[in-house]
Amino acid sequence: MKLTIRQMTLAALLSALTFILTAFVHIPLSVGYFNLGDIVIIFSSIFVHPIFGAFVGAIGASLADLYGGYLFFIPFTIVAKSLEALVAGYLFAKIKTPYNYGALLVGALLMVATYSLSYYILDPTGSLLLATLPFDSLQGLAGATGAALLYIAIQPYRHHLKI
């Protein structure tokens, strides 16, 4: 995938927005936080390209982990957010029916599954997984829904954007 200067600039801006929505616009929990960064990640993957979304997610969310002191989560975050964007974006593009928005949920579920695996690796007792699974699931649903709404809202103006 060859990127133009405009696309590189957009990737930097969307990565920064992902960082802000993850690190600063969140609800603190006893085991991490609920955030809206997934909206930007999924939107990037369906609006521009799945690889573009994976880059935005890996950079923006990893920077938020770094900023928040969650260094041990960075490798999991890179995998979780990249898979989320790649799967959501590719399935969204391949499914040519009104049901293609379900692809966004599939990507979000992969993000939840990846984090669930990380919680099990970090805490084999399962208590961390049980504490975070409902919030991760809600975050994935919010990300997929928000991205779909944003995508629908921007469609009338898409021809004005040169991306």
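## Helix packing in a predicted model

Alanine 148 touches Tyr101 and Leu104, leaving aside residues up to four places away in sequence. The model is a predicted one. Alanine 148 has its place in helix H6. With a relative accessibility of 12%, alanine 148 counts as buried, because the cut-off for buried is under 20% relative accessible area. From alanine 148 to tyrosine 101 there are 47 residues in sequence, while the C-alpha to C-alpha separation in space is 6.8 Å.

Alanine 147 is also found in helix H6. The relative accessible area of alanine 147 is 0%, so alanine 147 is buried. What does alanine 147 touch, not counting residues up to four places away in sequence? The residues are Ile39, Ile42, Phe43 and Ile46, and Ile39, Ile42, Phe43 and Ile46 are listed among the buried residues of H2.

**Helix H5 against helix H6**

H5 and H6 pack with their axes 9 Å apart, at an angle of about 155°. The two helices are therefore roughly antiparallel to each other, since angles over 145 degrees count as roughly antiparallel. Their crossing is right-handed. On the H5 side the contact is made by Leu104, Leu105, Ala108, Met111, Val112, Tyr115, Ser116 and Tyr119. On the H6 side the contact is made by Leu128, Leu129, Thr132, Leu133, Asp136, Ser137, Gln139, Gly140, Leu141, Ala144 and Ala148. By class, the residues of this contact divide into 13 nonpolar, 5 polar and 1 charged. Leu104 of H5 and Ala148 of H6 both belong to this contact, and Leu104 is one of the residues that alanine 148 touches.

Serine 118 is found in helix H5 as well. Its relative accessible area is 0%, so serine 118 is buried.

How many of the residues of H2 are buried? The count is 11 of 11, and H2 is mostly covered. The buried residues are Gly37, Asp38, Ile39, Val40, Ile41, Ile42, Phe43, Ser44, Ser45, Ile46 and Phe47. The cover over these residues includes helix H1 (5-23), strand S2 (32-35), H3, helix H4 (74-94), helix H5 (102-122) and helix H6 (127-154).

Two of the contacts of H2 are described here in detail, starting with H3. The axes of helix H2 (residues 37-47) and helix H3 (residues 50-68) come within 6 Å and cross at roughly 155°. That angle makes H2 roughly antiparallel to H3. H2 passes H3 in a right-handed crossing. Val40, Ile41, Ser44 and Ser45 in H2 meet Pro50, Phe52, Gly53, Val56 and Gly57 in H3. The residues of this contact divide into 5 nonpolar, 4 polar and no charged.

The second contact is with H4. Here the axes come within 8 Å and cross at roughly 40°. That makes H2 oblique to H4. The crossing of H2 past H4 is right-handed. From H2, Asp38, Ile41, Ile42, Ser45 and Ile46 meet Lys81, Glu84, Ala85, Ala88, Gly89 and Phe92 in H4. By class, this contact has 6 nonpolar, 2 polar and 3 charged residues. Ile41 and Ser45 of H2 take part in the contact with H3 and also in the contact with H4.

| Helix pair | Axis distance | Crossing angle |
|---|---|---|
| H2 and H3 | within 6 Å | roughly 155° |
| H2 and H4 | within 8 Å | roughly 40° |
| H5 and H6 | 9 Å | about 155° |

**The strand pair**

Strand S1 (residues 26-29) is joined to S2 by 4 bridges, and the strands run antiparallel. A hairpin of 2 residues joins S1 to S2. Which residue in S2 is the bridge partner of histidine 26? The partner is asparagine 35. Strand S2 is also included in what covers the buried residues of H2.

Methods
Residues numbered from 1 in each chain as written. Predicted model: local features only at pLDDT ≥ 70, side-chain atom pairs only at ≥ 80, totals over all residues. Heavy atoms only, no water. Axes fitted to C-alpha atoms, helices over the stretch in contact; angles between N-to-C directions. Parallel < 35°, antiparallel > 145°, perpendicular 65-115°, else oblique. Left-handed = near helix turned anticlockwise from the far one by under 90°. Contact = heavy atoms within 4.5 Å. Nonpolar A, V, L, I, M, F, W, Y, C, P; charged D, E, K, R; others polar. Buried < 20%, exposed > 50% of the residue type's maximum accessible area, 1.4 Å probe, protein only. Pairing = 2+ DSSP bridges.
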